[in-house]
Number of protein chains: 4
Amino acid sequence: MKIGLIGLGKMGYNLGLNLLDHNHEVVVNDVNTDQVKALHSEGAIPAYSIEETVKSLEGPRVIWLMVPAGDITEEVVVKLNGLLEAGDIVIDGGNSNYKDSLRRADLLKENGIHFVDVGTSGGVDGAREGACMMVGGDSEVIGQIEQIFIDTTVENGYHHAGEPGSGHFLKMIHNGIEYGMMQSIAEGFDILEKSQFDYDYEQVAKVWNNGSVIRSWLMELTQNAFSKDPKLDEIRGVMNSSGEGKWTVESSLDLQVPAPVIALSLMMRYRSLEDDTFTGKVVAALRNEFGGHAVVKK
Amino acid sequence: MKIGLIGLGKMGYNLGLNLLDHNHEVVVNDVNTDQVKALHSEGAIPAYSIEETVKSLEGPRVIWLMVPAGDITEEVVVKLNGLLEAGDIVIDGGNSNYKDSLRRADLLKENGIHFVDVGTSGGVDGAREGACMMVGGDSEVIGQIEQIFIDTTVENGYHHAGEPGSGHFLKMIHNGIEYGMMQSIAEGFDILEKSQFDYDYEQVAKVWNNGSVIRSWLMELTQNAFSKDPKLDEIRGVMNSSGEGKWTVESSLDLQVPAPVIALSLMMRYRSLEDDTFTGKVVAALRNEFGGHAVVKK
Amino acid sequence: MKIGLIGLGKMGYNLGLNLLDHNHEVVVNDVNTDQVKALHSEGAIPAYSIEETVKSLEGPRVIWLMVPAGDITEEVVVKLNGLLEAGDIVIDGGNSNYKDSLRRADLLKENGIHFVDVGTSGGVDGAREGACMMVGGDSEVIGQIEQIFIDTTVENGYHHAGEPGSGHFLKMIHNGIEYGMMQSIAEGFDILEKSQFDYDYEQVAKVWNNGSVIRSWLMELTQNAFSKDPKLDEIRGVMNSSGEGKWTVESSLDLQVPAPVIALSLMMRYRSLEDDTFTGKVVAALRNEFGGHAVVKK
Amino acid sequence: MKIGLIGLGKMGYNLGLNLLDHNHEVVVNDVNTDQVKALHSEGAIPAYSIEETVKSLEGPRVIWLMVPAGDITEEVVVKLNGLLEAGDIVIDGGNSNYKDSLRRADLLKENGIHFVDVGTSGGVDGAREGACMMVGGDSEVIGQIEQIFIDTTVENGYHHAGEPGSGHFLKMIHNGIEYGMMQSIAEGFDILEKSQFDYDYEQVAKVWNNGSVIRSWLMELTQNAFSKDPKLDEIRGVMNSSGEGKWTVESSLDLQVPAPVIALSLMMRYRSLEDDTFTGKVVAALRNEFGGHAVVKK
């Protein structure tokens with residue numbers, strides 16, 4: 001199949017290689033022309049603008065976006081909405097908020113353009129070797145392009161989840177679960193670290209990866225991490241986040257689902273971004289007020 | 001009434017003055033003889049050992065302990081168990097774990113000595129001017145000494161809660177609630193602090209103390225604290241804790257009562273004691289493993 | 001001062017009486033004409049439409065809304081925007097989301113109409129006898145109408161917090177703190193209830209209201225509640241919520257402030273709305289899968 | 001090797017078969033003689049009392065306990081302490097609290113008997129086919145019996161973690177992580193269930209097991225569970241627990257490690273055991289007191 005691919009960052013570039021491996025014709029575009037040239041040298045057809053990308057494809061066009069979620073995705077979708085024709089298909093493979101995807105599906109629909117949202121998991125290696133893809137879109141549309149999802153995922157790693165928006169919603173929940181699993185693992189090792197015993201964390205993760213109830217890819221990654229830095233002495237425990245965890249918590253609130261574990265996983269990430277907290281100051285000041293407990297001066 | 005008072009720290013010394021104000025004869029003892037002398041100069045009868053304290057009283061003796069909970073209380077109770085006689089009464093006014101109080105009540109009972117546990121709230125000023133006391137002990141015993149609780153508490157600030165142990169249990173729960181309330185207030189101000197608005201926190205606490213649903217003594221203390229240091233710039237948000245919060249959470253687990261708010265109040269205190277966390281390092285390392293997200297190097 | 005008052009529910013009706021007590025002229029309107037007539041009989045000037053309300057006032061008009069937050073407030077503000085003139089003042093005394101207030105302030109400003117947001121606390125009795133009001137609005141505007149806030153609040157119960165939006169934001173945070181405080185109190189009593197001791201909860205709340213660190217209006221209400229129903233046998237523990245707690249948590253997420261206690265207070269409310277949970281089913285099914293632990297059949 | 005095996009429940013029986021598969025001589029004992037006979041018919045040497053078990057072995061004896069943690073393990077260890085000789089080895093393969101294991105190691109040591117604690121994960125099938133074992137014990141002792149751990153675990157599924165106690169501590173933490181992971185997965189599906197989309201949960205779990213970040217044995221079990229009962233309509237969400245999660249939270253408190261996710265996983269399990277809560281009643285009563293919000297009558 002001939003496919004346009006816009007966005008050649010870590011994920012998009014690897015997806016491009018993955019598509020080429022499976023003998024698709026790929027028209028590639030990025031604001032960074034070096035990335036375009038690099039993928040051209042791997043066999044892709046270069047395009048140096050979105051317009052050129054569109055012109056290099058024949059209807060019904062299929063254009064896969066791997067650009068940053070938010071403003072940039074918005075900009076590209078709006079532009080494509082002005083360039084594409086009825087029957088063309090826009091695939092958003094980024095980490096977009098499903099509410100944006102619902103809105104964009106409606107926007108494009110006005111011009112007869114189809115929208116497909118793809119939640120992608122598996123990291124950078126997954127994009128290259130075979131990812132996990134959760135896909136939302138109308139069945140008829142998915143039927144036209146399903147082969148490219150089958151080609152670029154691991155076996156059984158593709159699922160058409162439902163109507164437009166359902167793919168990004170599912171990816172959001174996937175990430176919420178991921179937050180909770182990671183925090184669970186991390187709390188466990190933190191208790192080990194403070195305990196009276198002297199564990200070898202790489203070996204602990206290794207034994208847990210073989211036959212235990214908590215064996216998992218995240219535990220394998222934990223094993224890898226400890227194999228490189230046995231006590232993680234070289235890094236600071238700053239836990240950034242990129243949106244999906246927050247959206248998951250917001251969705252849980254909207255739907256009145258108690259999700260304390262996912263919520264706390266997120267909040268402990270926020271806590272890790274601060275050296276000191278105003279919350280702590282208020283509690284310390286109050287303890288001083290009623291009990292004369294000494295405060296720590298700055 | 002003639003009362004022995006052992007332990008003349010911040011709380012005990014003020015309680016001694018409070019008892020003297022109400023025309024009780026008070027035999028005072030502390031390992032720090034300066035405190036004994038100071039209270040002597042206020043009208044108390046000095047005693048320079050526990051033995052002397054016991055000898056200065058006539059049976060049935062009443063001895064009130066205001067010594068640190070844990071090992072020191074244990075030591076004093078064990079010593080008194082060897083010195084006192086059947087019918088004497090030991091009052092523990094410290095922040096003892098109720099399980100210890102249950103055990104001590106049984107220990108003393110073997111010699112016919114009565115045990116009364118008093119949970120005291122209201123801070124140092126309360127000990128001086130009138131505190132809140134939650135009392136556990138057998139009704140007959142309480143009947144003999146009730147007047148001293150009435151004298152040293154604010155109006156309606158004394159409650160005989162039940163059998164021995166029930167006073168310290170109630171104080172423990174009081175402190176658990178206190179942890180939750182303080183954290184609630186503190187989180188609220190933290191959100192104000194990070195918001196787009198520029199609030200005067202002293203004025204905020206003041207208006208909340210007048211007519212609002214959350215008016216409370218803790219909010220008055222919040223107002224006081226902000227009146228001295230408007231943004232709490234001078235202190236660090238290190239939140240220490242002294243045991244009762246932890247015991248409350250442990251009790252909630254033993255009784256299978258979900259108490260997420262009290263538990264989290266405690267856990268955020270523990271979090272405030274650390275500059276960096278192993279939990280954070282593990283999560284940061286995992287994000288790097290699967291997503292290539294940069295870690296913060298030390 | 002002559003004031004229009006739209007919305008004569010529990011809160012609005014009492015506010016009307018409160019304003020009349022302080023010798024203000026009050027033009028009252030509600031969709032329920034019985035309420036208008038009732039307040040007319042108390043001395044208010046009746047108006048049977050928003051148009052009539054506006055006509056009954058002279059510029060610069062002051063109109064206070066006590067209508068339900070959300071769609072109805074929106075409808076009334078939009079209508080007033082078409083009827084009022086530059087220099088007139090709209091006060092929103094409802095529990096509006098501060099984001100709506102920010103938007104409405106901007107909307108009205110286009111026509112030179114001023115917007116003032118008032119967060120009101122103290123319940124129905126507060127509206128009648130003297131509430132707590134947190135007010136957002138431009139200083140010049142507030143200067144013109146401050147007396148009516150002073151008149152209808154308890155002493156020191158009025159605070160001009162800042163620019164438009166800051167009043168409703170402050171009220172939102174007030175409610176977030178309220179959620180946390182209530183859950184703290186409730187968890188404490190739940191542990192008492194499951195404990196080995198047999199407490200008299202009314203007496204417990206009473207002693208805690210006299211001299212303790214946790215004395216507070218909410219604890220007084222707890223005492224009241226237990227005085228009527230000593231074990232709360234007659235009610236179910238269904239905890240509804242009305243928006244501000246959720247908004248507080250959403251704001252904490254937007255501002256990256258960890259607010260676990262307020263968040264969990266809200267989530268336990270949501271949990272109380274369900275008899276059974278899908279979360280529980282999944283965990284029970286998993287325990288059965290790996291450990292052969294029996295599940296509870298429906 | 002010749003090994004005594006006491007306790008032939010689900011786990012112990014399967015472990016016996018597993019040991020027989022690897023050509024060990026196994027002397028088996030259980031209070032249920034049917035289990036002894038059944039395993040005898042599989043090739044094990046029957047013993048109808050603990051004394052007989054001990055007599056059927058030659059020094060240095062190796063006796064593996066798979067009896068319920070708590071009182072029964074205590075009873076058996078105390079009995080063995082009176083029957084065994086210096087140099088003999090007691091292996092506790094149950095889910096004992098590590099504090100008990102530390103104590104028992106000391107107790108047996110007085111008679112020169114060695115104690116080895118084995119935390120076993122992998123469920124009933126793991127005991128049969130190859131489990132994951134986390135082992136605590138002195139290196140010299142472990143050296144003598146290591147082969148039986150290697151034989152009964154999956155490849156790389158055995159780890160000598162450290163001194164006595166460290167095996168059960170590690171298993172405890174394993175289970176704490178398991179609680180958090182299970183709750184994370186469950187919360188995710190709960191949000192899906194309440195969402196606007198109509199997902200096929202078996203397919204969702206399946207795609208997440210292929211290439212995603214959260215692929216794991218627990219997700220495979222989730223897939224299995226949904227394959228049998230697509231919406232889990234047949235079961236109630238009652239989440240029991242068996243001790244290790246609680247001990248993990250208690251350890252986190254003792255070590256002052258914030259572990260909100262593991263703690264909340266446990267607390268939501270407790271919550272699932274109740275139809276109604278006293279916490280909920282108190283909050284509902286308070287909302288009624290200050291806001292006139294209707295309560296739900298029983």
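These legends accompany close-up views of a predicted model.

**View 1. The contact between chain D and chain B.** Each partner brings 21 residues: 21 from chain D and 21 from chain B. The size of an interface is often given as the accessible area lost when the parts come together. Here, chain D and chain B bury about 1800 Å² between them. Carbon and sulfur atoms give 76% of that area.

View 2. Two salt bridges link chain D and chain B. One salt bridge pairs B:Asp254 with D:Lys246. The closest N and O atoms of B:Asp254 and D:Lys246 lie 2.8 Å apart. Polar contact between chain D and chain B comes to two residue pairs, both at pLDDT 80 or more.

**View 3. The side of chain D that touches chain B.** Two helices of chain D, H11 (244–254) and H12 (260–272), each supply at least two residues to this side. H12(D) gives the most, with seven residues. By residue type, the side of chain D that touches chain B holds 14 nonpolar, two polar and five charged residues.

View 4. B:Ser195 sits in a loop of chain B, between helix H8 (166–194) and helix H9 (201–208). Is B:Ser195 buried or exposed? B:Ser195 counts as buried because its relative accessibility is 12%, and the cut-off for buried is under 20%. The B:Ser195 side chain reaches the backbone nitrogen of B:Phe197 at 3.1 Å. B:Ser195 also touches another chain: leaving aside neighbours within four places in sequence, its contacts are C:Phe169 and C:Leu255.

**View 5. Chain A and chain D about their axis.** Two copies of a chain are related by a rotation about an axis and a shift along it. For chain A and chain D, the rotation is 180 degrees and the shift along the axis is 0.0 Å. This superposes chain A on chain D with an RMSD of 0.0 Å. The two copies are therefore related as by a two-fold rotation axis. Which C-alpha of chain A is nearest the axis? That of A:Ser216, at 1.9 Å from the axis. Both copies use the same surface, as 100% of the contact residues of chain A recur in chain D.

Conventions
Residues are numbered from 1 along each chain as its sequence is written. Chains are lettered from A and ligands numbered from 1 in the order in which they are written. This is a predicted model: local features need pLDDT of at least 70, side-chain atom pairs count only at pLDDT 80 or more; totals for chains, interfaces and linings use all residues. Side-chain values use heavy atoms; hydrogens and water are left out. Contact means heavy atoms within 4.5 Å. Buried area is the accessible area (1.4 Å probe) that two parts lose on being put together, summed over both. A salt bridge is a side-chain nitrogen of Lys or Arg within 4 Å of a carboxyl oxygen of Asp or Glu. A polar contact is a pair of N or O atoms within 3.5 Å; within protein, one must be able to donate a hydrogen and the other to accept it, and residues adjacent in sequence count only if both atoms are side-chain atoms. Helices (H or I, at least four residues) and strands (E, at least two) are DSSP runs, numbered from the N terminus. Ala, Val, Leu, Ile, Met, Phe, Trp, Tyr, Cys and Pro count as nonpolar, Asp, Glu, Lys and Arg as charged, and the others, Gly among them, as polar. Buried means under 20% relative accessible area, exposed over 50%, partly exposed in between (1.4 Å probe, protein chains only). Copies are superposed by least squares on the C-alpha atoms of residues with pLDDT of at least 70 in both.
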